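Please open the model in a viewer and keep the selection panel at hand.

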Amino acid sequence: MDSAVWASPKPELPCAACRTLHRKCSRDCTLALYFPAGEPEKFASVHKVFGASNVIKMLQMVDQEKREDAVKSMVYEANERLRDPVHGCTNAISYLQKCIQDLQLQLKRTREQLQEIQEHSNHLLTVLMDVPYQNPVYQL
Ligand SMILES: [Zn+2]
């Protein structure tokens, strides 16, 4: 007998969320797209920090096309909160805000230097234009 005839179709694995919540994962599971079975740690961290019902509520508040980014943000925030329970992702945000401030200050100084160089260049051009023409050939 052909073994393929006897092989039953492999049942699809439940998504990581349904597996964690011990519920049946349907084909139209709203979480399956964002928490695939192969990445159980993603849902585990958001479930631990936010709670499954809050994750679902937050996803429902977001437009469909922005849900993947929302999940990425939730996973990042949850992982940071688990890593640093006191500050969470605020350290990273503070660091990035400081970087932005430093770069804005650097940009301002560079623009000021560029303005000074431009003014100096304009001044030199003005001086050169005022110098009378000098014949390089000596006249005897
Ligand atoms: Zn599911």
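Begin with the largest nonpolar core, which has 14 residues. A nonpolar core here is a set of buried Ala, Val, Leu, Ile, Met, Phe, Trp, Tyr and Cys residues joined through C-beta atoms within 7 Å. Select Cys-15, Ala-17, Leu-31, Phe-35, Val-46 and Met-74, the members with the most contacts inside this core. At least two core residues come from each of helix 2 (16-21), helix 3 (40-49) and helix 5 (67-83), and helix 5 supplies the largest share, four residues. A residue counts as buried if 20 or more other C-beta atoms lie within 10 Å of its own, as exposed if 12 or fewer do, and as partly exposed in between, with C-beta atoms placed from the backbone.

Two remarks on conventions are needed. This is a predicted model, in which local features need pLDDT of at least 70, side-chain atom pairs count only at pLDDT 80 or more, and totals for chains, interfaces and linings use all residues. Residues are numbered from 1 along each chain as its sequence is written.

Helices (H or I, at least four residues) and strands (E, at least two) are DSSP runs, numbered from the N terminus. Of the 140 residues in this chain, 11% are buried.

Now select Phe-35. Beyond its neighbours within four places in sequence, Phe-35 is in contact with Cys-15, Ala-16, Ala-17, Lys-42 and Phe-43; a contact requires C-beta atoms, placed from the backbone, within 7 Å.

Move to helix 3, where Lys-42, Phe-43, Ser-45 and Val-46 are buried. Viewed down the helix axis, the buried residues of helix 3 fall within an arc of 160 degrees, so they line one face; the arc is that of the directions from the helix axis to the C-beta atoms. These buried residues pack against helix 2, helix 4 (52-61) and helix 5. Just after helix 3, select Gly-51, whose phi is positive, about 90 degrees.

Return to helix 2 and pick Arg-19. Is Arg-19 buried or partly exposed? Arg-19 is partly exposed, because 16 other C-beta atoms lie within 10 Å. Apart from neighbours within four places, Arg-19 is in contact with Pro-14, Ala-37 and Pro-40. The C-alpha atoms of Arg-19 and Ala-37 are 7.9 Å apart, across 18 residues of sequence.

Finally, colour by pLDDT, the predictor's confidence in each residue, from 0 to 100. The chain averages 89. Helix 1 (residues 3-6) has the lowest mean, 46, and helix 3 the highest, 97.

Conventions. Two residues are in contact if their C-beta atoms, placed from the backbone, lie within 7 Å.
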